[in-house]
Amino acid sequence: MTILIENTDGTLCQANVAQGVDEVAHAAQIAAGRNYKIVPFGELPTARELQDAWRLDTTKSAKHVKTDLVHAKTILHEKRRAKRDEAFVPLDRQATVPALTTQAEASRQVIRDADALLQIDIDAAKTEKALLALHAQVI
């Protein structure tokens, strides 16, 4: 069993417990005063890439977790920027060589253009499935 505990900022804390009632009751006491759900392991989403954007689904739906798309997009943008910055590192070194400066800048522009398209796609995504597909391009 897993207990999903809602933090004050809306993010989720996950507490895994044995299936014994005593352990579940103890973990529930820890979560006292906060929203929580006791969830069987198999009922959690299998895609963990956007886990930091999970929110407790307090509706009466069968889902226990929903993904906050705004926060998920923020996560992807952070990963996108980190990947772009990493790609710039060798080009930054190359740009210090006068004979290679023009080539380095042209290569950087190719990276910027691809990054701009990915940024547009992330911003336009309307579903968790679409964001997960974009996640594969970001990592």
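**Fold, strand pairing and core of the chain**

Of the contacts in the chain between residues at least 6 apart in sequence, 51% join residues at least 24 apart. The model under description is a predicted one. Its chain contains four helices and five strands, arranged along the sequence in the pattern β-β-α-β-β-β-α-α-α. Buried residues account for 32% of the 139 residues in the chain. The accessible surface of the chain amounts to about 8600 Å², and carbon and sulfur atoms contribute 57% of that area.

Strand 1 has two pairing partners, described here in turn. With strand 2, strand 1 pairs in the antiparallel sense over five bridges. Within this pairing, the bridge partner of L4 in strand 2 is Q14, and I3 stands opposite A15 of strand 2. The two strands form a hairpin in which five residues lie between strand 1 and strand 2. In the turn of this hairpin, G10 adopts a positive phi of about 95°. With strand 3, which comprises residues 36–39, strand 1 again pairs in the antiparallel sense, here over four bridges. The bridge partner of I5 in strand 3 is Y36. Strand 1 is mostly covered, with four of its five residues buried. In a regular strand, side chains alternate between the two faces of the sheet.

The loop between strand 1 (2–6) and strand 2 (12–16) contains T11. With a relative accessible area of 18%, T11 falls under the 20% cut-off and is therefore classed as buried. The side chain of T11 forms a polar contact of 2.6 Å with that of D9. Beyond its neighbours within four places in sequence, T11 is in contact with I5, E6, D52, W54 and R55.

The largest nonpolar core consists of 11 residues, namely L50, A53, A72, I75, L76, L118, I122, A125, L131, L134 and V138. Helix 2 (69–94), helix 3 (101–124) and helix 4 (128–138) each supply at least two residues of this core. Apart from this core lies another, of seven residues, which include L12, V39, L44 and V65. In soluble globular proteins, nonpolar side chains tend to be buried together. Within the largest core, L131 is one of the members. When neighbours within four places in sequence are left aside, L131 is in contact with L50, L69, A72, K73, L76, I122 and A125.

Helix 3 was examined for both its length and its cover. The 24 residues of helix 3, at 1.5 Å a residue, should span 34 Å, and the end C-alpha atoms are 35 Å apart, in agreement with that expectation. The buried residues of helix 3 are A104, R108, D115, L118 and I122. Of these, L118 and I122 also belong to the largest nonpolar core. An α-helix has 3.6 residues a turn, so residues three or four places apart point the same way. The cover over the buried residues of helix 3 includes helix 2 and helix 4. A residue of helix 2, H77, touches Q119, I122 and D123 when residues up to four places away in sequence are not counted. H77 has a relative accessible area of 9% and is therefore buried, the cut-off being 20%.

In helix 4, E128 was considered separately. The relative accessible area of E128 is 23%, so this residue is classed as partly exposed, a category lying between 20% and 50%. A polar contact of 3.1 Å joins the side chain of E128 to that of T67. Leaving aside neighbours within four places in sequence, E128 is in contact with L50 and L69 as well as T67. E128 and K73 are separated by 55 residues in sequence, and their C-alpha atoms are 9.5 Å apart in space.

How values were computed:
Residues numbered from 1 in each chain as written. Predicted model: local features only at pLDDT ≥ 70, side-chain atom pairs only at ≥ 80, totals over all residues. Heavy atoms only, no water. Core = buried A, V, L, I, M, F, W, Y, C linked by side-chain atoms within 4.5 Å. Buried < 20%, exposed > 50% of the residue type's maximum accessible area, 1.4 Å probe, protein only. Contact = heavy atoms within 4.5 Å. Polar contact = N/O pair within 3.5 Å; in protein donor to acceptor, adjacent residues only side chain to side chain. Pairing = 2+ DSSP bridges. Areas by Shrake-Rupley, 256 points an atom, 1.4 Å probe, with all protein chains shown as cover. Expected span 1.5 Å × (residues − 1).
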